[in-house]
Amino acid sequence: MTTLETHYKKIKDLHHEEAVAPGTGLCAGCGGLEGLRLGLKELGNDVLICNAAGCFTLLSVYPFTPLKGSWLYTTMGGPVPAAQGVRDALDIQLSRKTLTEDDNLSIVVVAGDGSSNDIGLGATSAALHRKLDFIYFCYDNEAYGNTGFQLSASSPYGSSTQTTPSVKFHPVGAELNKKNLFDIWRAQEPTYIATVSPREPIDLSNKFAKAKNLVGPRMFICMSPCPTGWGFNPKDTQLIAKLAVDTGIFPIKEYFEGKVIHTKQPRRRLPVEKFLETQKRFSHLFEPERKSDVIEQIQKTVDKYWEPYE
Amino acid sequence: MFRVRLHGRGGQGIKTASQILGSAAFFSGFQAQDFPLYGAERRGAPIVAFTRINRQNILERGPILVPDILLIGDESLLEDIQAAPLCGADNFTAIFINSSRLPEKLQENYSLSTLPHVLDITSLCVKFLDNGSSTSAAIAAVGARLLGQIEFPALKEAVELELNAQGINSDLRKKNIDLAEEVFQLLTPMEVKERPEKNITSSKLISSEQKPVVLAAPIILEPGNMALRKTGNWRLDRPEIDYEHCNNCLICYARCPDGVIGIKTDGSPEIDYDHCKGCLICAQECPGHFIKTVKESGSWE
Amino acid sequence: MGIDSSKRLMLTGNKAAAWGARLAQVEYVPAFPITPQTEIVETLAKWFADGTLKGKFTNMDSEHSMFMAAGAGAATGVRVFTASSSQGILHGMESIYTIAGWRTPMVVVNVSRALATPITLEPDHNDIMSVRDCGFIQLHAETCQEIFDFILIGYKVAEDPFVCLPVLVNMDGFYLSFTREPVLIPNEQKIKKFLPEFKTSQPVFKASQPMARASAVFGGSTYTYFKIQQDLANRQAEEVFLKTSKEFEKHFGRFYDVVEKFNMEGAEFVFVMSNSFSTKGKDAVLKLRRQGIKAGLLKLRLFRPFPATAIADALCGHDNVAIIDQNLAPGMGGITYPEIVASLYDRKNRPQNILSVIGGLGGKDITEGDFLSIIEKLKSSETKQPFYLFGKKDEENFERLQHLAISNKEAFQS
C-alpha cells in the first residue's frame, strides 16, 4: 500500500554516486549514517548540512569533510536557525540576481533525537511555523548517543540508558514513553514528513526523491540502530532495523497533503520481544527473570497504534 | 616512576586494563594515575590509555610521550602509522606485544629498540572467556607482572573491582581472575632499568603571525577529503566476497553504512579495504551468504 | 522618507541605530524583541515591509536562534544587522561565541540593560561585559550620534579582510535608547562612498563553492591556532578602527579616537567612564573645575580590542584615578578596573592612587554629589575597595520599601 510516485523499484536503480566519502569517525555499523548516506545520494551535492551537536558532529573533523556538498557545524539547539539564516541569505541574493539558480543550495539540517526532541525542538517548531524551505534529517537512536547513551525524550519505555538504569526500585529502566515527534511536527502541517529505515533503501530513496522536489519544511525521522548504545553486534544493524519495522515498533510512514499513509505496513506483525531480545538495553526485560508486564505494556502500546490501520 | 602506555582497539578493554593496573598498583601501596585518550574514534579504532605508578606523589599529567612500558594489545597496530604505538619508545622502554610470534622475529620485523616480551593473549582470552577481544584483565596482568612490584592478590582485587564497576557478572569476573592468574604465571618480571633524568631544555616557541581569514578560520575547501583518512585499521575481521557465487544483487552495496562497497564496471560489488571498518553488515545481509568473514592479522607471515 | 542631503533629525538612540543600519544598506535582519531594544527592530521591520530596505527581515524565535541565523546569513554573503539586550545577550550567549569563531562580519547593537536577578528594565553594563571575552569587537557609544556613526564605522571594521569579526555597538537603555537628541544624518550617496555595498572577502556558501565551516577539532594545537588567529584579528581591529575613523573624518568631519580625553590637561582627579553616563561625568568635571578642583575624564570607546596603550598614555602623569564601573562582578568588583590597572603596570609614572567605583547599577543615577564623594574618597587614606555609590538616602528609601515586603523585620535581624 503506497501512494509514492515510485522512481525506484530495485536496488540497482539507486544513485551510484556516493555523497558521503568514507573515513569518518562514526561507529562501525552506524544505522543513522546508512540512512543519511542513502538520503544524500538522492539529494545530490548541492546541499549545505547544518549540523547539530551529536554523534554526526564527527562527520567533519578538521581538516577533513566527507561531504561533496557543504557543512556548517552549529550548536546542539542551533542547526535550524542556521538553516534559516543561510536560506534567507540565499533568497536575498537570488532575488537580487547576485546569485544564479545554479548556485542555489538545498539546506539540510542533520540532528540526533536529543537535539530534535529536546534542546532544538523549540527552534524547529519556530521554523515550521515560518514554513522554512529546508529538509530536516533526524537520526533517531533513541538516546544521547554521543555522550555515552543517556535518556532523551526519544528513549522508549522499558529501555535502559546510562541515566535510567534498570535497578531494584526502577526495574523498568526508562519509565516514560517515547515522545511522538512525528505527530508534534504534523500538528504544524509541514509540507512533508516521513519516517525511514536504513533497511528499506527503496522506500527511503523514493521519499527523499519526492521531498527533493517539494518546497517548505520536509521532515525525516530515520530509525537508527546504534550498536554501541543499544548493545548489539554491528553486523546486526540492518537485522534490527528490519525487526523494528516487522514488529510494528517503528512504523514506516509519510505525511503529505494532510494524510498519513503507511508505506511499509507489516503484513503480520511479529511480537515486540523479537526486537527487544536482540539488544542489551532491553536485556533486563528478560533476565534474571522475564518482566512480562513490561513487555506486555510495550506490545499493548504497539497494538494500540496499529488498531485503526489493521 | 613507571609510565605505562597501553595500545589497543576500541572494544578490547584497553581503558579498563589501564584502570585495573592503576588500582592494582594503588592496592600495592603505590601512588597511581590512569586515564584513556578519547578521540573521534569508536569501536575497532586504535585507542590509547595510560597508567602512571610511583612511590612518591605523581607530578605528571596528560599523555605519556616516552613510555617505560608499552603494552600493545593488538599486533596489527604495529603496522598502523596513525596508531604509531612505538612512538617515543627508546632503549629504556620495555615492550610487550600480544602475539603468537617469536620475540626475535617481532624485533627484527618492526625494528624494535628492545627485545619484546610476547604472549598470545588473544588465545588465552578465547580459552578462558570464549572471547578473544576481551583483553582487559589479561593486559593488566601483563603490566603488573612485568613491573614485578605488584603481587597477585592486589591484581585480583583490582580485576574484581573494575570489572564489577563495568557491570560484569560474578561468573565472568571469576573467569577473568583465572585468566589474570594464568598470565601472571606465564610471565616473569622484567629487568627494571632506571631512566636517567634529562635536564629541561626550552621549547621552541614562535611569535604567531596573523593569517588571511580563510587560513585563520576553521574552513575546509576540499570536499570529500575525509577519504584520506583510512579506517580500514578498525577492522578486527574482514569481509571477503566470494565472486564465484556472487550474483551481483548489490544488497551489500545498499546496506553498507560507510558506502565502502563500490560497483565495478561489470556490475559486481567491490570492497574498499582502505576504509571498510569491518562492521560485517554485508556478510550478515548477503542473501546467499557469499561474503565470508576472515580474521585480520598482521600482513607478514 | 528618502534622504537626499545631509540633515539633522531628532532621534532616539534606537532610531539612530535603525538609521545607521538602513544607510549601511543592511540586507538581512533576523530579529527578536526585547526591551529596551525593540524600537530598533520595529523600525527596520517597517522599512523592509514598505520596500525602503531591500532584503529580508525575519522574526526569530529567540536570541539563541537570532544570533545563529545572523551568523549563518553572514557566512552566506549578505550584510547582516541585528540588535539585542540584557537577558537576550545571555540567552544568545552560546550562539554569540559560536559565530565569533566563524569569522563572519556583521554589526550588532546591544542596548544595555541590567541582568536578573532581580529582573529590571533599566541599564547597567553587566550585559555587555558578559560578552567581553566572546571575540566580538565592542564600541561603546555616549550619544545618539555616536551610535549612528559607529554602525557605519563598525561595518567597515567588521568587513575589513584583516578583521572579519562581528562588531557590537553598545548604548545605554533609556539614557540613549529612548532619549531623543539631534543626530546628523549624512547624504545617502556620501555614505555609499564611505561604505559601499557589501562584498565578501572570503568564500561563502553556494553550490559552486563546497565548503565545510566550523568543523570539530581534536587536539589542543589546532584549537590554539584558531584561537590565536581570533585574538590577532581582534587586536588588528584597533589599527583598522583608527584608519577607518580617519577615513570617516575625511567624509563627515567627525573623528573618533579609541578613547576620548576630556579636560585631562593638568587633571589631578580623573574619572574613567564609558557610554552615556560619561556625559554626566563631563558635566561634573566642568563644575568641579569651576569649584577649583582639577578634575578630568577619560571615556572608553573601543573596548574590544582593549586599547591598553592609549589608556595608559592618557592616565599616566595623573595622580588620582577613579574607575567607575557600571557593572559588578560579585566577589571581585568592577570589571574594567583590573583591565585598566593591568594596562598601567609597566609604566613608571603610573597613577599612585587608583580607586574602583561601582555605580549606576540597574539604572541608578550617578549624581554630581557622587563625583565629589569619589574625589573625597580618593583623598582619604581609607583603602576599602570597591567604593559603592550607595548613600544614606538610598538606604532609607529601600528600608521604607522593605517594610512593606517584610513587616516584622526584627524577627529576621539575627
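Predicted model: local features only at pLDDT ≥ 70, side-chain atom pairs only at ≥ 80, totals over all residues.
Reader: How many helices and strands does chain A have, and what does its C-alpha trace span?

Author: Chain A holds 10 helices and 8 strands, and along the principal axes its C-alpha trace spans about 70 × 40 × 35 Å. Its radius of gyration is 19 Å, which agrees with the value near 19 Å that a compact globule of 310 residues would have. Of those 310 residues, 57% count as buried.

Reader: Where do the domains of chain C lie?

Author: Chain C is divided into domain 1, covering 7-252, and domain 2, covering 261-398. Their centres, taken over C-alpha atoms, are separated by 28 Å, and 28 residues of domain 1 of chain C are in contact with 21 residues of domain 2 of chain C.

Reader: Which elements of domain 1 of chain C touch domain 2?

Author: Those giving two or more residues to that side are helix 6 (126-130), strand 6 (137-140), strand 7 (166-172) and helix 9 (220-252) of chain C. Helix 9 of chain C gives the most, with 5 residues. By class, this side of domain 1 of chain C has 13 nonpolar, 8 polar and 7 charged residues.

Reader: Switching to the chain contacts, how many residues do chain A and chain C bring together?

Author: There, 38 residues of chain A are in contact with 37 residues of chain C. On the side of chain A, strand 2 (70-73), helix 2 (79-95) and helix 4 (121-129) each supply at least two residues, and the largest share, 11 residues, comes from helix 2 of chain A. The side of chain A that touches chain C has 18 nonpolar, 14 polar and 6 charged residues.

Reader: And how many residues come from chain B and chain C where those two touch?

Author: That contact takes 15 residues from chain B and 22 residues from chain C. Helix 7 (213-216) and strand 7 (219-220) of chain B each supply at least two residues of the chain B side, with helix 7 of chain B giving the largest share, 3 residues. The chain B side divides into 11 nonpolar, 3 polar and 1 charged.

Reader: Staying in chain B, at roughly what angle do helix 3 and helix 6 cross?

Author: The axes of helix 3 (residues 121-129) and helix 6 (residues 170-186) of chain B cross at roughly 140° and come within 9 Å, and the crossing is right-handed. Helix 3 of chain B makes the contact through B:Leu124, B:Cys125, B:Phe128 and B:Leu129, and the residues from helix 6 of chain B include B:Leu179 and B:Val183. The residues of this contact divide into 6 nonpolar, 1 polar and 3 charged.

Terms used:
Residues numbered from 1 in each chain as written. Chains lettered and ligands numbered in written order. Axes fitted to C-alpha atoms, helices over the stretch in contact; angles between N-to-C directions. Helix = DSSP H or I, 4+ residues; strand = E, 2+ residues; numbered from the N terminus. Left-handed = near helix turned anticlockwise from the far one by under 90°. Contact = placed C-beta atoms within 7 Å. Nonpolar A, V, L, I, M, F, W, Y, C, P; charged D, E, K, R; others polar. Domains from an automatic or database assignment. Rg over C-alpha atoms; globule rule 2.2 N^0.38 Å. Buried ≥ 20, exposed ≤ 12 C-beta atoms within 10 Å, placed from the backbone.
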